[in-house]
Amino acid sequence: MAATFRIGIDLGGTKIEAAAIDPSGRIHARRRIATPAGDYDGTITGIAGLVAALENEIGENKIGASALVGPASVGIGIPGTIAETGLVRNANSTWLIGRPLRRDVEAALGRPVRFANDADCFALSEAIDGAGAGSGTVFGVILAPGSAAAL
């Protein structure tokens, strides 16, 4: 069965925010928790809890159980990158560095998960349906954590 919904997650240094999005791009549910800073296992548990809560909400409360077909696909923007070794590098959330985040999140969720750098996610989102939509070129600048601009 194919997933009808996508869950996008922003893993930040102070908060983890997740949204359940339908194929048209409409957000049906959103949840946010404080990031368990310094706690790698707590971060994995927090992500898994958000996904479970959103799938429950979109499956039962928001739109009826029949609308959720299979588990939602999940994508996570992280403050760093996942190297070819599978380990996180260059993350300002230092408890992630050197850890197999993809492997551990996929094991916790029981499905493949897509990962990308959070700044890249920001710039792509602004280019597709944000401030830069319809522009030939979009340049995104991250000024500081929680502060960004698209030009």
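Predicted model: local features only at pLDDT ≥ 70, side-chain atom pairs only at ≥ 80, totals over all residues.
Colleague: In what order do the elements of the chain run from the N terminus on?

Modeller: The chain holds three helices and nine strands. From the N terminus on, these elements follow the order β-β-β-α-β-β-β-α-β-α-β-β.

Colleague: Which strands stand at the edges of the open sheet?

Modeller: The open sheet has five strands in the order 3-2-1-4-7, and its pairing is mixed. A strand with a single partner strand has one side left without a neighbour in the sheet, and this applies to strand 3 (27-34) and strand 7 (113-117). Neighbouring strands of this sheet are turned by 15° against each other on average, direction ignored. The edge strands are therefore strand 3 and strand 7.

Colleague: How many bridges join strand 1 to strand 2?

Modeller: Strand 1 (residues 6-11) and strand 2 (residues 15-21) run antiparallel, and a hairpin of three residues connects them. Within this pairing, Leu11 stands opposite Ile16, while Asp10 has Glu17 as its bridge partner. The number of bridges joining the two strands is six.

Colleague: Which residue in the turn between strand 2 and strand 3 has a positive phi?

Modeller: Strand 2 and strand 3 run antiparallel and are joined by seven bridges, with Lys15 opposite Ala34 in strand 3. The two strands form a hairpin with five residues between them. In that turn, a positive phi of about 95° belongs to Gly25.

Colleague: Is strand 2 largely enclosed or left open by the rest of the structure?

Modeller: A residue counts as buried when its relative accessible area is under 20%. Six of the seven residues of strand 2 are buried, so the rest of the structure leaves this strand largely enclosed.

Colleague: At what angle to strand 7 does helix 2 run?

Modeller: Helix 2 (residues 101-109) lies across strand 1, strand 4 (73-78) and strand 7. Helix 3 also packs on the sheet, touching strand 1, strand 4 and strand 7, and its direction makes about 90° with that of strand 7. For helix 2, the angle to strand 7 is about 145°.

Colleague: Which element gives the largest share of the largest nonpolar core?

Modeller: This core has 28 residues, and those with the most contacts inside it are Ile7, Ile9, Ile76, Leu101 and Val105. Two or more residues come from each of strand 1, strand 2, helix 1 (40-62), strand 4, helix 2 and strand 7. The largest share, seven residues, is that of helix 1.

Colleague: Which residues does Ile9 touch, not counting residues up to four places away in sequence?

Modeller: Ile9 is among the residues with the most contacts inside the largest nonpolar core. Leaving aside residues up to four places away in sequence, Ile9 touches Ile16, Glu17, Ala18, Ile47, Val51, Val74, Gly75, Ile76 and Gly77.

Colleague: Why does the span of helix 3 agree with its number of residues?

Modeller: Helix 3 (residues 118-129) has 12 residues, and at 1.5 Å a residue these should span 16 Å. At the N-terminal end the helix is capped by Asn117, whose side-chain oxygen lies 2.8 Å from the backbone nitrogen of Ala119. The span agrees because the end C-alpha atoms of helix 3 are separated by 16 Å.

Colleague: Is Asn90 buried or exposed?

Modeller: Asn90 lies in the loop between strand 6 (88-89) and helix 2, and has a positive phi of about 55° although it is not a glycine. Exposed means over 50% relative accessible area. With a value of 63%, Asn90 is therefore exposed.

Colleague: Is Ser93 buried or exposed?

Modeller: Ser93 lies in the loop between strand 6 and helix 2. Not counting residues up to four places away in sequence, Ser93 touches Gly12, Gly13 and Pro79. Because its relative accessible area is 3%, Ser93 is buried.

Conventions: Residues numbered from 1 in each chain as written. Heavy atoms only, no water. Helix = DSSP H or I, 4+ residues; strand = E, 2+ residues; numbered from the N terminus. Expected span 1.5 Å × (residues − 1). Polar contact = N/O pair within 3.5 Å; in protein donor to acceptor, adjacent residues only side chain to side chain. Pairing = 2+ DSSP bridges. Axes fitted to C-alpha atoms, helices over the stretch in contact; angles between N-to-C directions. Contact = heavy atoms within 4.5 Å. Core = buried A, V, L, I, M, F, W, Y, C linked by side-chain atoms within 4.5 Å. Buried < 20%, exposed > 50% of the residue type's maximum accessible area, 1.4 Å probe, protein only.
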